[in-house]
Amino acid sequence: MNTEKRAGRPPGPPLAAITLLSAAALAYEVLLMRLFSIIQWHHFAYMIISLALLGYGASGTFLALLQRRLLAHYPAALLTNLLLFAGSALPAFLLAQDIPFNPEQMLWEARELLHLAAIYLLLSLPFFFAANAIALTLARYRRHIGRVYAVDLLGAGAGSIGVVLLAGLLAPLPALGAIVTAALLSVALAARKLRLPRRGQLFIVLLLLAATQLWVARTAVLHPSPYKDISQALRVSGARLLDTRAGPLALLQVVANDRIPLRYAPGLSLNARQGPPPQLGLFADGNSLGAITRDEGHAGEPGFLDQLTSALPYHLATPEHTLIIGAGGGLEVLQARRLGSGRIDAVELDPGIVELVSERFAAFSGDLYHQPGVHARIAEGRGFVETREARYDLIQLTLQGTGGSGGLFALSENYLYTVEALESFLAHLDTDGWLAFTRWTRLPPRGTLKLFATAIEALRRRGVDDPGQRLLLIRGWQTSTLLIAARPVDDDLITAMKSFCRQRSFDLVWYPGMPRSEANRYNVLRAPYFHDGARALLGPGAEAFLTDYKFDLRPATDDRPYFNNFFKWSTLPEILELRERGGLPLLEAGYPVLIAALLQALAASALLILLPLLLLRSRPAEGAATAGLQARVVSYFAGIGLAFLFMEMAFIQKFMLFLHHPLYTTAVVLASFLVFAGAGSRTAQRLAATTGRRRATLLAVGGILLTTLAGLLWLDSLFAWLAHWPVAARVALSVALIAPLAWCMGMPFPLALGALGQGGVRLIPLAWGVNGCASVVSAVLATLLAIHFGFTVVIVLALLLYLGSAAVFPSPPSPATGAPHARRVDAC
């Protein structure tokens with residue numbers, strides 16, 4: 001009897017299928033960020049976020065136009081969209097990577113904007129199909145909105161964790177194949193739940209599709225931009241790829257060339273009589289990380305390592321205890337050993353790099369990381385320093401990750417080069433210790449002078465009245481080295497510095513009391529630009545110099561951690577004027593790419609979301625809404641769309657300084673926001689039943705305001721106090737701290753949709769579309785705001801948006817029935 005009743009009852013919502021689909025879609029989004037970091041550059045992550053949100057927003061328009069027709073054939077429509085998501089995810093990326101997009105030419109080649117638009121639209125398709133499937137399910141099972149919405153967010157949270165685990169097990173393209181397989185499994189789960197006929201035949205087809213996709217993913221090849229370092233290295237005659245290994249942090253590759261030997265000796269003196277021994281090129285995500293150098297000598301035989309600008313601190317004192325941050329292939333570690341350091345802590349974030357040096361190429365490197373006195377530490381450099389009590393005679397930050405490629409690292413957050421980071425490093429120096437930075441030299445000067453300005457600010461914050469007394473700066477033809485002393489520099493140290501530079505033809509840039517006549521003697525420029533800049537930054541006219549300079553040299557901070565962003569709009573006209581005469585070195589390309597992504601996101605949003613919705617509103621419909629209600633709908637859903645992602649991105653950055661690992665921080669914070677926002681949305685309906693939707697929204701916004709202000713006031717102090725906690729404990733605390741904020745943030749979206757369902761049904765597609773449009777631009781806009789004003793301002797703006805949205809809560813004037821609820825565009 002029970003079986004008969006069960007067989008006659010309509011099937012419930014396919015919750016397992018929706019959970020798996022949502023996990024696959026989120027994992028696909030995160031993996032696309034990794035893939036574009038490999039074939040293009042890091043800052044394309046912002047474009048990928050916008051792509052996902054654009055797909056979700058555009059699906060709202062599509063369903064607003066065809067909702068009735070699709071719901072009449074829900075099982076077929078659901079399976080079609082599930083199949084289209086699974087079938088388009090891999091081909092969309094493979095096609096997109098073959099589009100010949102060069103971001104450095106966008107300012108003067110209109111076709112590059114077309115290439116970017118093609119990538120945008122192509123990669124938004126899979127997200128469009130995924131959003132259709134989930135939104136149709138929400139509309140079909142209106143009585144189960146809370147359950148469907150909850151498993152949607154739960155799946156997304158699981159996907160953000162799962163993709164991290166997947167990235168540690170598989171190479172990027174096979175990982176993409178695994179995600180597609182999970183999406184195909186969601187088709188099978190949906191067919192089973194909906195009791196579709198011929199399921200056996202469908203399962204066979206799905207197995208064949210999965211096998212095909214996995215084969216394609218395994219045999220396909222990534223095509224990095226021809227302008228990336230790995231592409232340039234492999235073009236050289238005789239180059240061959242020795243090793244490729246994928247990890248959650250980077251795709252690592254090792255290149256050898258016996259015909260035209262690799263030569264990595266950054267800043268090697270032109271007086272050097274000896275070059276580097278045989279080397280292997282080391283690349284992470286296609287970007288050069290230097291080289292693995294064959295150890296052919298012994299301590300006390302410095303060879304070419306003594307002819308680099310980075311050797312300067314070893315000629316001022318012999319450090320007993322040295323810390324190398326960004327050890328990479330080990331060049332600076334080898335240098336420290338050869339130049340007499342007794343104990344060396346070599347800190348490297350990526351365990352894959354340490355494995356390459358100490359295992360796969362141990363014989364080549366002389367088993368460097370297992371040599372007496374050398375201790376390889378797998379950690380983030382700043383986190384390693386701040387969670388230990390040790391003091392060092394020398395803390396050396398290597399060239400690894402300092403940025404290059406024409407400013408394409410401008411949008412990379414870097415917490416090693418902020419004022420607060422330098423303060424922390426200085427606090428861990430011994431009485432006579434040194435903090436050393438070596439950077440690539442670019443003309444006109446920018447990175448070197450920005451680091452000099454950052455050092456000045458860090459010393460002043462530590463109570464040093466005359467920072468110039470503790471700074472030494474030199475440059476060669478290719479690199480510069482800045483030293484920051486724990487105590488004032490004396491005449492003996494200055495004499496040693498002059499001798500070091502004279503023997504190697506390195507130029508003096510700054511020492512206390514240095515006259516201008518001593519600068520610019522060997523690697524001659526038209527004027528001593530570096531010395532003049534250093535003197536200006538130390539002088540009373542520093543603020544005017546920073547304002548008038550062609551590049552942004554203001555010190556980076558933890559709130560604005562974009563050290564490699566030097567772009568100024570005031571310089572753009574000069575760049576455009578000089579584009580035909582070699583003006584490219586003036587271009588900091590990362591920022592214009594971000595602007596282009598924002599403009600294209602706005603254009604695509606208007607075309608795919610707002611315009612069709614406006615056409616839809618022009619049709620005759622029951623209960624036409626007043627213009628005032630329409631304005632409130634637009635204002636409310638635009639506000640919460642912007643605010644949610646503003647908060648999410650800002651808090652990822654805040655927790656980066658507590659968890660000290662970019663990948664794990666993103667996974668933990670993203671998963672916490674999604675899961676607890678889903679829980680909050682489930683709670684919202686019960687809260688609305690007792691207090692009313694408007695009051696429930698006010699309570700939710702009040703909770704957001706209180707928890708956020710508490711975070712702004714106390715998080716930094718709490719993080720500093722608990723920095724020594726084990727990683728697992730810090731992760732658990734992070735989840736607990738995010739939970740109440742995310743819980744409240746999950747309420748405003750479903751509460752307002754529920755209100756529209758009672759008297760503004762025809763405005764629900766408009767609400768979803770506007771929210772999608774706002775979410776599309778919010779990821780890029782949040783980064784732009786953080787670059788100029790800092791993440792604290794981004795958070796404050798998010799709070800103001802939430803408050804403004806609550807003030808215009810869209811309450812329909814009269815009740816209505818039958819309203820499909822839309823899925824959140826980004827859990828807002």
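A salt bridge here is a side-chain nitrogen of Lys or Arg within 4 Å of a carboxyl oxygen of Asp or Glu. With that in mind, some notes on the model.

1. Ground rules. This is a predicted model, where local features need pLDDT of at least 70, side-chain atom pairs count only at pLDDT 80 or more, and totals for chains, interfaces and linings use all residues. Residues are numbered from 1 along each chain as its sequence is written, and side-chain values use heavy atoms, with hydrogens and water left out.

2. The Arg245 pair. Arg245 makes a salt bridge to Glu355, with 3.6 Å between the closest N and O atoms. Arg245 sits in strand E1 and Glu355 in helix H12 (residues 351-360), so the pair ties together parts that are 110 residues apart in sequence. Helices (H or I, at least four residues) and strands (E, at least two) are DSSP runs, numbered from the N terminus. Arg245 is partly exposed at 24% relative accessibility, and Glu355 is partly exposed too, at 35%. The cut-offs: buried means under 20% relative accessible area, exposed over 50%, and partly exposed in between (1.4 Å probe, protein chains only). Both residues belong to a network of salt bridges that links Asp243, Arg245, Glu355 and Arg360.

3. Other salt bridges. The whole structure has 22 of them. In one, Arg377 and Asp345 come together with the closest N and O atoms 3.3 Å apart. That pair links strand E7, which holds Arg377, to strand E6, which holds Asp345, 32 residues away. Asp345 is buried at 2% relative accessibility, while Arg377 is partly exposed at 27%. Another salt bridge joins Glu420 and Arg461, closest N and O atoms 3.5 Å apart. Here the link runs from helix H15 (residues 419-427) to helix H16 (residues 447-461), with the two residues 41 apart.

4. Overall make-up. The protein chain has 28 helices and 12 strands, and 60% of its 828 residues are buried. Of the contacts (heavy atoms within 4.5 Å) with a separation of 6 or more, 78% are between residues 24 or more positions apart. The accessible surface (Shrake-Rupley method, 1.4 Å probe; for residues, only the protein chains shown count as cover) is about 31,900 Å², and carbon and sulfur atoms own 60% of it.

5. Which order do the eight strands take? They run E7-E6-E5-E8-E9-E11-E10-E12 in an open sheet with mixed pairing; two strands count as paired if DSSP finds at least two bridges between them. Strand E7 (374-378) and strand E12 (507-510) are the edges, each pairing on one side only. Neighbouring strands are turned by 20 degrees against each other on average, direction ignored. Helix H18 (residues 529-538) packs on the sheet, touching strand E10 (471-475) and E12, and its direction makes about 15 degrees with that of E12. For these angles, axes are lines fitted to C-alpha atoms, for helices over the stretch in contact, and angles run from 0 to 180 degrees between N-to-C directions.

6. Pairings worth checking by eye. E5 (residues 321-325) and E6 (residues 343-348) are parallel over five bridges, with Thr322 bridged to Ile344. E8 (residues 392-397) and E9 (residues 429-440) are also parallel, over five bridges, and Leu394 has Trp434 as its partner. E9 and E11 (residues 479-485) pair in the antiparallel sense over seven bridges, with Leu435 opposite Ile484.

7. The E1-E2 hairpin. E1 (residues 239-246) and E2 (residues 251-257) are antiparallel over seven bridges, and a hairpin of four residues joins them. In the loop between E2 and strand E3 (279-284) you'll find Pro266, buried at 7% relative accessible area. Leaving out residues up to four places away in sequence, Pro266 touches Leu308, Leu331, Leu399, Trp440, Gln478 and Thr479.

8. Ser160 in helix H6 (residues 145-169) is buried at 2% relative accessible area. Beyond its neighbours within four places in sequence, Ser160 contacts Leu26, Ala667, Leu670 and Ala671. Gly641 in helix H22 (residues 627-659) is buried at 1%. Gly641 and Ala774 are 133 residues apart in sequence, yet their C-alpha atoms are 5.2 Å apart.

9. A surface patch. Phe789, Val793, Val796, Leu797, Leu800 and Leu803 form a nonpolar patch with about 480 Å² of accessible area together. Patches take residues with over 30% relative accessible area and no salt bridge, joining like charges within 9 Å and nonpolar side chains (Val, Leu, Ile, Met, Phe, Trp, Tyr) within 5 Å. Helix H28 (residues 791-807) supplies the largest share, five residues.
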